[in-house]
Amino acid sequence: MAQFLDPGRVMMGTFGQIFIEGVWQSNLNHLEASVEAEKKELNLVGTDYTVYKLGRKKGTGTMSGYKVTSDMIARGFQKFSIIHKLDDPEAYGFERIQLNNCMVDKIVLANWTAGEEVTEETPFTFESYELLDPIVAS
């Protein structure tokens with residue numbers, strides 16, 4: 001008999017957390033981070049397929065949320081670490097990933113409109129990552 005996905009096991013971002021240098025950023029409500037690999041194309045004899053060799057990798061991301069402090073402005077372009085925790089009480093567990101040597105791409109000094117919440121979006125790069133706590137189905 002086929003097993004179906006238990007919908008309660010699907011991760012929701014509701015209980016996600018972002019820590020910068022160990023400090024919880026409760027004002028942030030979005031984090032995206034990814035690694036893109038450069039692939040070197042090789043044309044080898046004996047095959048009619050192009051094959052690939054892994055080249056350099058590039059880590060990029062964006063975090064966003066409500067402006068509460070001037071921390072991002074004060075930090076400037078100094079490197080920092082981010083640990084994100086994706087948790088959901090119904091899921092198989094939680095996941096924590098550390099992004100190392102993060103550096104912002106730009107610092108927004110002002111971006112507001114009268115009568116509206118002030119939000120910040122900060123694009124950044126990172127130089128490596130560590131999977132600290134994986135989610136494992138039981």
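User: How many helices and strands does the secondary structure of the protein come to?

Analyst: Happy to walk you through it: the protein has 1 helix and 8 strands, where helices (H or I, at least four residues) and strands (E, at least two) are DSSP runs numbered from the N terminus. Along the sequence, the pattern reads β-β-β-β-α-β-β-β-β. This is a predicted model, in which local features need pLDDT of at least 70, side-chain atom pairs count only at pLDDT 80 or more, and totals for chains, interfaces and linings use all residues. Residues are numbered from 1 along each chain as its sequence is written, and side-chain values use heavy atoms, with hydrogens and water left out.

User: Which residues have the most contacts inside the largest nonpolar core?

Analyst: A nonpolar core is a set of buried Ala, Val, Leu, Ile, Met, Phe, Trp, Tyr and Cys residues joined through side-chain atoms within 4.5 Å; buried means under 20% relative accessible area, exposed over 50%, partly exposed in between (1.4 Å probe, protein chains only). Here the largest core has 13 residues, and Ile20, Met63, Phe80, Ile82, Leu99, Cys102 and Phe124 have the most contacts inside it. Strands E1 (17-20), E5 (80-86), E6 (95-104) and E7 (119-126) each give two or more residues to this core, with the largest share, 4 residues, coming from E6.

User: What is Leu99 in contact with, leaving aside its neighbours within four places in sequence?

Analyst: Contact means heavy atoms within 4.5 Å. Leu99 touches Ala33, Phe80, Ser81, Ile82, Phe124, Phe126, Ser128 and Tyr129.

User: What share of the 138 residues counts as buried?

Analyst: For the protein, that share is 22%.
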